[in-house]
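Take a look at the model below.

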Amino acid sequence: MLALHPAHRKATWWLAAIVGSTLALLLATPAPVHAEESNPNNYECLGNVVPGTPEVGSEEPQVKYIFYCNGPITGYQLQSQIPLTGVQSPPLVTATATPPGAPTGTPLTDAFSCSGEIPGYAVNCVGATKTGYETITGQFAIGSKLCAEPRVDPLLTVTYAYLEKGVVTQAISGPFDLGRPKGCRADALSGGTRLSPKPVMKRAAKGKKGHRRPSKGKNNKKKQSKK
């Protein structure tokens, strides 16, 4: 079962392009019927990143990402803070079991196609999941060692576009922090994420203790006053 990270939400403008590229597919998509907690503008998505599977012809470290949301999506972006050097496509979409988010390993016909500028800082994917809690597993490459600092910590933003009263409506949820890679040795930055960084404690400089010498002028004045 996934060890998952919750995250904050914030809309990003670039996802309109992803939505636009899938409008033909979405014309047959009905308006969603969700409970309040599954509002497509207010989804909850959880996931993590782990060491990926080596790819033939590539010697660069591979990063595997795994996530699911509590509603269907039609696109997503992974935004990294370190350069990405390769994108694996397509990701695998699998069914989930109880509790939600536990992958069953059963592949679904739902699919995504991913691309991105290489080298770059984002992976853009378009496609569709029919229901919530479908697990999406994909992979990308980076040019540095997985556990070297700064460690990759991708942010996930998802979109959902649908027809509502004959009008194409788009929703955006995120970003969700997938966290630093699992399986790396703990260091000073472990325990934090990009959205909730761990404060770096600085050691206070040790001051030198000294004794103040009495002023000669004041002592002379006191002696003269006694006389």
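## Fold

From the N terminus, the elements run α-α-β-β-β-β-β-β-β-β-β-β-α. That comes to three helices and 10 strands. The model is predicted.

The protein has 227 residues, and 39% of them are buried. Take the contacts between residues at least 6 apart in sequence. Of these, 72% join residues at least 24 apart.

## Aromatic pairs

A search of the whole structure turns up seven aromatic pairs. In one of them, Tyr76 and Phe112 have ring centres 5.3 Å apart. Their planes stand at 65°, so the pair counts as edge-to-face; the cut-off for that class is over 60 degrees. The pair links distant parts of the chain. Tyr76 sits in strand S3, Phe112 in strand S6 (residues 112–115), and 36 residues separate them.

Both partners can be checked for burial against the limit of under 20% relative accessible area. Tyr76 has 0% relative accessibility, so this residue is buried. Phe112 has a relative accessible area of 3% and is therefore buried. Ring pairs also build a cluster, made of Tyr65, Phe67, Tyr76, Phe112 and Phe140.

Gln77 belongs to strand S3, which spans residues 75–87. Is Gln77 buried or exposed? Its relative accessible area is 7%, so Gln77 is buried.

The side chain of Gln77 has a polar partner. A polar contact joins it to the side chain of Asn124, at 2.8 Å.

## Ser115

Ser115 lies in strand S6. Its relative accessible area is 46%, so Ser115 is partly exposed. The range for that class lies between 20% and 50%.

Which residues does Ser115 touch, leaving aside neighbours within four places in sequence? They are Val87, Ala122, Val123 and Asn124. Asn124 is also the residue whose side chain makes the polar contact with Gln77. For Ser115 and Pro90, 25 residues apart along the chain, the C-alpha atoms are separated by 9.3 Å.

## Enclosed space

Rolling a probe the size of a water molecule over the atoms shows where empty space is left. Here the count is one cavity of 30 Å³ or more. The largest cavity has a volume of about 40 Å³.

Its lining consists of Phe67, Tyr68, Cys69, Gly71, Ile73, Thr129, Thr131, Tyr133, Glu134 and Ile136. Strand S2 (residues 62–69) supplies the largest share of this lining, with three residues. By type, the lining of the largest cavity has six nonpolar residues, three polar and one charged. Phe67 is part of this lining and also belongs to the ring cluster.

## Open space

The largest pocket holds about 200 Å³ of space. Its lining counts 14 residues. Which of them lie nearest the centre of the largest pocket? They are Arg180, Pro181, Ser190, Gly191 and Gly192.

By type, the lining of the largest pocket divides into three nonpolar, seven polar and four charged residues.

Technical notes. Residues numbered from 1 in each chain as written. Predicted model: local features only at pLDDT ≥ 70, side-chain atom pairs only at ≥ 80, totals over all residues. Heavy atoms only, no water. Helix = DSSP H or I, 4+ residues; strand = E, 2+ residues; numbered from the N terminus. Buried < 20%, exposed > 50% of the residue type's maximum accessible area, 1.4 Å probe, protein only. Polar contact = N/O pair within 3.5 Å; in protein donor to acceptor, adjacent residues only side chain to side chain. Phe/Tyr/Trp six-rings, centres within 6.5 Å; stacked < 30°, edge-to-face > 60°. 1 Å grid on protein atoms, 1.4 Å probe; cavity = no way out; pocket = protein on both sides within 12 Å on 5 of 7 lines; lining within 4 Å. Points joined across faces, edges and corners; volume = space filled by probe spheres on them. Nonpolar A, V, L, I, M, F, W, Y, C, P; charged D, E, K, R; others polar. Contact = heavy atoms within 4.5 Å.
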